[in-house]
Amino acid sequence: MRIFSPDIRASDADRESAVDFLKAHYTAGRLSREELDARVHDAYAAVGLSRLDALTADLPTLPVAPAPRRGGAGRPLLGALAVLVLIFAALSLAPPEAWLTLIALGIPLVLMAGFFIAPLAIPIAIVAWIAHHSQRERPRSVWIGQLQPPRRGWR
């Protein structure tokens with residue numbers, strides 16, 4: 001007959017996570033240097049997860065840092081500026097008689113684009129905005145219709 005231990009063996013990654021958790025609390029001023037050294041020594045010597053839990057049980061859960069926002073807010077502006085520079089360069093190379101032709105063709109094209117594309121683009125932009133705001137992170141307390149168990153310790 002095999003006897004199973006309820007204590008799951010800790011991996012090296014588990015020990016490192018617990019040590020990082022302890023170091024964060026030392027930095028926050030919740031542990032003295034001697035306490036940190038003793039707990040880190042015990043964490044590296046821990047065999048099971050229950051020992052790591054016991055080493056961190058009296059420490060609160062650290063706040064989760066918000067996810068970094070994706071950059072690139074200036075990229076569309078930079079692209080529009082590059083297009084304007086290219087248009088200006090093309091117009092400066094064209095003789096003045098060609099400008100009249102470009103303007104005569106450009107105005108109807110812009111009006112047609114506004115007339116045909118805007119009725120499609122505006123509803124698509126509204127739907128995209130609604131989808132973006134509906135996909136924001138949900139509160140952590142809601143978890144499959146019930147309350148999520150509170151995080152404790154280093155895990």
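Mentor: With one residue. This is a predicted model. Arg 15 has a relative accessible area of 13%, so Arg 15 is buried. The cut-off for buried is under 20%.

Trainee: In which helix does Arg 15 lie?

Mentor: In α1, which covers residues 12–27.

Trainee: And which residues does Arg 15 touch, leaving out those up to four places away in sequence?

Mentor: Ala 10, Ala 43, Tyr 44, Ala 46, Val 47 and Leu 52. Keep Ala 43 in mind. Ala 43 is also one of the buried residues of α2.

Trainee: Let me step back to the whole chain. How many helices and strands does the protein chain have?

Mentor: Five helices and two strands. Along the sequence the pattern reads α-α-α-α-α-β-β.

Trainee: What share of the protein chain counts as buried?

Mentor: 14% of its 155 residues. Now look at contacts with a separation of 6 or more. In the protein chain, 70% of them join residues 24 or more positions apart.

Trainee: Now a single helix. How do I check the length of α2?

Mentor: Compare its span with the expected one. Helix α2 runs over residues 33–45, which is 13 residues. From first C-alpha to last it reaches 18 Å, close to the 18 Å expected at 1.5 Å a residue.

Trainee: Which residues of α2 are buried?

Mentor: Leu 36, Arg 39, Val 40 and Ala 43. They cover an arc of only 105 degrees around the axis, so they sit on the same side of α2.

Trainee: Why does spacing in sequence matter for a helix face?

Mentor: An α-helix has 3.6 residues a turn, so residues three or four places apart point the same way. Read the buried list of α2 again with that in mind: Leu 36, Arg 39, Val 40, Ala 43.

Trainee: Which exposed residues are on the face of α2 turned away from the buried side?

Mentor: Glu 34, His 41 and Ala 45.

Trainee: Is His 41 buried or exposed?

Mentor: His 41 counts as exposed because its relative accessibility is 56%. The cut-off for exposed is over 50%. His 41 and Val 19 are 22 residues apart in sequence, yet 9.2 Å apart in space, C-alpha to C-alpha.

Trainee: What do the buried residues of α2 pack against?

Mentor: Against α1 and α3, the latter being residues 49–56. For a helix pair, read the angle, then the axis distance, then the residues. α1 and α2 pack at about 175 degrees, with axes 9 Å apart. That angle makes α1 roughly antiparallel to α2.

Trainee: Which residues make the contact between α1 and α2?

Mentor: From α1: Arg 15, Glu 16, Val 19, Leu 22, Lys 23 and Tyr 26. From α2: Arg 33, Leu 36, Arg 39, Val 40, Ala 43 and Tyr 44. By class, the contact of α1 with α2 has seven nonpolar, no polar and five charged residues.

Trainee: How do the axes of α1 and α3 cross?

Mentor: At roughly 0 degrees, coming within 11 Å. That makes α1 roughly parallel to α3. α1 contributes Asp 14, Arg 15, Ala 18, Phe 21 and Leu 22 to the contact, and α3 contributes Leu 49, Leu 52, Leu 55 and Thr 56. The residues divide into six nonpolar, one polar and two charged.

Trainee: Which residues are buried in α3?

Mentor: Leu 49, Leu 52, Leu 55 and Thr 56. They fall within an arc of 120 degrees seen down the axis of α3, so they line one face of the helix.

Trainee: And what covers the buried residues of α3?

Mentor: The cover includes α1 and α2. Now return to Arg 15. Arg 15 is in the contact of α1 with α2, and Arg 15 is also in the contact of α1 with α3.

Note on methods:
Residues numbered from 1 in each chain as written. Predicted model: local features only at pLDDT ≥ 70, side-chain atom pairs only at ≥ 80, totals over all residues. Heavy atoms only, no water. Helix = DSSP H or I, 4+ residues; strand = E, 2+ residues; numbered from the N terminus. Buried < 20%, exposed > 50% of the residue type's maximum accessible area, 1.4 Å probe, protein only. Contact = heavy atoms within 4.5 Å. Expected span 1.5 Å × (residues − 1). Arc of directions from axis to C-beta. Axes fitted to C-alpha atoms, helices over the stretch in contact; angles between N-to-C directions. Parallel < 35°, antiparallel > 145°, perpendicular 65-115°, else oblique. Nonpolar A, V, L, I, M, F, W, Y, C, P; charged D, E, K, R; others polar.
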